[in-house]
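Hi,

Here is the structure I said I would pass on.

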Amino acid sequence: ADKHARELDIKEAHQRQARELAGAKDLCAKTASEVNERVVRLEQLFGDSADKHTRELLAIKEAHGRHARELAGTKDLHAKTAVEAKKAMSAHCTVAQRLDMLEQRLRHAFDG
């Protein structure tokens, strides 16, 4: 009878442990499913974010290229304008040179 009671206790303990194990398995499966859903959502968010940042980066690079071309054109125009201004300034006489020319003309008019 003790042997039989012991076997029943062992069976009951085994069944209890089997139920606990099944519950733990269900909990693990549910948790794994929730974790998987969260990972999928995070991957989607990061993917969407990465796509958005890629588009923004390409737009910035394109704008930078346009500005670089405009700046190069502005630099070329500035260089041409500076050369033209230098030429124009060299064609003009200084105030001292103009006074010398006036004095020479006046001397020539009174001397001659």
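**What I found**

Let me start with one side chain: glutamate 62 counts as exposed, because its relative accessibility is 53% and the cut-off for exposed is over 50%. Before I go on, please keep in mind that this is a predicted model.

Glutamate 62 has a partner, too: it makes a salt bridge with arginine 66, and the closest N and O atoms are 3.3 Å apart. Both residues sit in helix 1, four residues apart, or about one turn of the helix. Arginine 66 is a bit of a contrast in its label, as it counts as partly exposed at 38% relative accessibility.

How many salt bridges does a search of the whole structure find? Two. The other pair is glutamate 103 and arginine 107, with 3.7 Å between the closest N and O atoms. These two are in helix 2, which covers residues 95-111, and being four residues apart there they are separated by about one helical turn. Glutamate 103 counts as partly exposed at 40% relative accessibility, and arginine 107 also counts as partly exposed, at 48%.

Now for the overall picture. The protein has two helices and zero strands. Its radius of gyration is 47 Å, well over the 13 Å that the globule rule gives for 112 residues, so the protein is more spread out than a compact globule. You can see that in the C-alpha trace, which spans about 160 × 20 × 10 Å along its principal axes. Arginine 16 is in helix 1 and is partly exposed, with a relative accessible area of 42%.

What about burial? Of the 112 residues, 2% count as buried. The protein exposes about 10,700 Å², and carbon and sulfur atoms supply 60% of that area.

There is also a nonpolar patch on the surface to look at. Leu42, Leu45 and Phe46 form it, and together they have about 320 Å² of accessible area. Phenylalanine 46 belongs to helix 1, which runs over residues 2-91. Is phenylalanine 46 buried or exposed? It is exposed, because its relative accessible area is 60% and anything over 50% gets that label.

If you open the model, the two salt bridges and the patch formed by Leu42, Leu45 and Phe46 are the spots I'd show you.

Cheers

How values were computed
Residues numbered from 1 in each chain as written. Predicted model: local features only at pLDDT ≥ 70, side-chain atom pairs only at ≥ 80, totals over all residues. Heavy atoms only, no water. Patch = residues over 30% accessible without salt bridge, like charges linked within 9 Å, V, L, I, M, F, W, Y side chains within 5 Å. Areas by Shrake-Rupley, 256 points an atom, 1.4 Å probe, with all protein chains shown as cover. Salt bridge = Lys/Arg side-chain N within 4 Å of Asp/Glu carboxyl O. Buried < 20%, exposed > 50% of the residue type's maximum accessible area, 1.4 Å probe, protein only. Rg over C-alpha atoms; globule rule 2.2 N^0.38 Å.
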